[in-house]
Amino acid sequence: MASAKLKYLSLGVLVFQTTSLVLTMRYSRTLQGDGPRYLASSAVVVAELLKIFTCVGLVFKDHSYSGRALSSILRQEILHKPIETLKLAIPSGIYTLQNNLLYVALSNLDAATYQVTYQLKILTTALFSVSMLGRRLGVYQWLSLLILMAGVAFVQWPAESPSEPQKEQLTAGSQFVGLVAVLVACCSSGFAGVYFEKILKETKQSVWIRNIQLGMFGLVFGLFGMFAYDGARVQEHGMFQGYSTVTWIVVALQALGGLVIAAVIKYADNILKGFATSLSIILSTLISYFLLEDFEPSSVFFMGMILVIVATFLYGYEGKPAANPSRA
């Protein structure tokens, strides 16, 4: 089935995008260079702009590259449906907060620790899916969630001998800030993701139109946050201070992530999206160890990774028969 191919293709792209984003974001936030470091709030704003332009281009393509058709559909779906548009304000504001929190987290945690801790969003997503969408989870799915949480706990188990240079930079205070940022992001991710899924599956509106609406509010919230927290630095050095090639790659990956996640929600569901993301833990850990050299995994860490993989396949095993329609 074409839809099945699209589902697994989007999940595969999501794994690649998530891994690349985490590693490049961590690298960009710890890279020592001349001049001021780029502003996370600015990067969030630019990513929203890029996402809006990309979605407008996709809508333009879907309507045979007709400028008149593009203008008509944007007026009809956005301006003439203010209530539907305003529904996106809630998840957009939460996503904007979440994106800023991820920069805070990766400024204070190594990539592998961040990746694993962030998988706690799978549990919050599952709980919100049950409560908000009325979704029924089978025994294997609940068991897979428990196994996944156990895997996350094992991976977070403190190593006996932390590596010298990088670990010394991460004080207890900064690690606590990073941990709190990740935990808040997990809760916001679960709620906003399920809320957005509910909106997408209740209407026949294009996913790209929905992302334009989401991006419009995200741009407003992002600009407000940038001027509220970094207004003085923006006035002094400009919005694009500290930008480099790596920064632009991070911005592009973050913008792409929103579109990939939207496609995953459309063709799969939020929990399966979370499990696909958990697979990127393996890639993040390997690259952190061999290339970035800011993480040294232990045997307990590898045990946790195995549990995550087992949980992933266990959820997939239950997911196929659950595809039959059933009442919640």
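Colleague: Which way does α3 pass α11, in a left-handed or right-handed crossing?

Modeller: Right-handed. Bear in mind that this is a predicted model.

Colleague: What's the angle between α3 and α11, and how far apart are the axes?

Modeller: About 65° for the angle, and the axes are 11 Å apart. Helix α3 covers residues 67-79, and α11 covers residues 207-237.

Colleague: Which residues make the contact?

Modeller: From α3, Ile 73, Leu 74, Glu 77 and Ile 78. From α11, Ile 209, Ile 212, Gln 213 and Met 216.

Colleague: And how does that contact split by class?

Modeller: Six residues are nonpolar, one is polar and one is charged.

Colleague: Switching to the surface. Which residues form the nonpolar patch there?

Modeller: Leu 97, Val 104, Phe 176, Val 177, Val 180 and Val 184. Together they have about 480 Å² of accessible area.

Colleague: Which helices each supply at least two residues of the patch?

Modeller: α5 (89-108) and α10 (172-202). The largest share, four residues, comes from α10.

Colleague: Where does Val 184 sit?

Modeller: Val 184 is in helix α10.

Terms used:
Residues are numbered from 1 along each chain as its sequence is written. This is a predicted model: local features need pLDDT of at least 70, side-chain atom pairs count only at pLDDT 80 or more; totals for chains, interfaces and linings use all residues. Side-chain values use heavy atoms; hydrogens and water are left out. Axes are lines fitted to C-alpha atoms, for helices over the stretch in contact, and angles run from 0 to 180 degrees between N-to-C directions. A crossing is left-handed if the near helix is turned anticlockwise from the far one by less than a right angle, and right-handed if clockwise. Contact means heavy atoms within 4.5 Å. Ala, Val, Leu, Ile, Met, Phe, Trp, Tyr, Cys and Pro count as nonpolar, Asp, Glu, Lys and Arg as charged, and the others, Gly among them, as polar. Patches are made of residues with over 30% relative accessible area and no salt bridge: like charges are joined within 9 Å, nonpolar side chains (Val, Leu, Ile, Met, Phe, Trp, Tyr) within 5 Å. Accessible areas come from the Shrake-Rupley method with a 1.4 Å probe; for residues, only the protein chains shown count as cover. A salt bridge is a side-chain nitrogen of Lys or Arg within 4 Å of a carboxyl oxygen of Asp or Glu.
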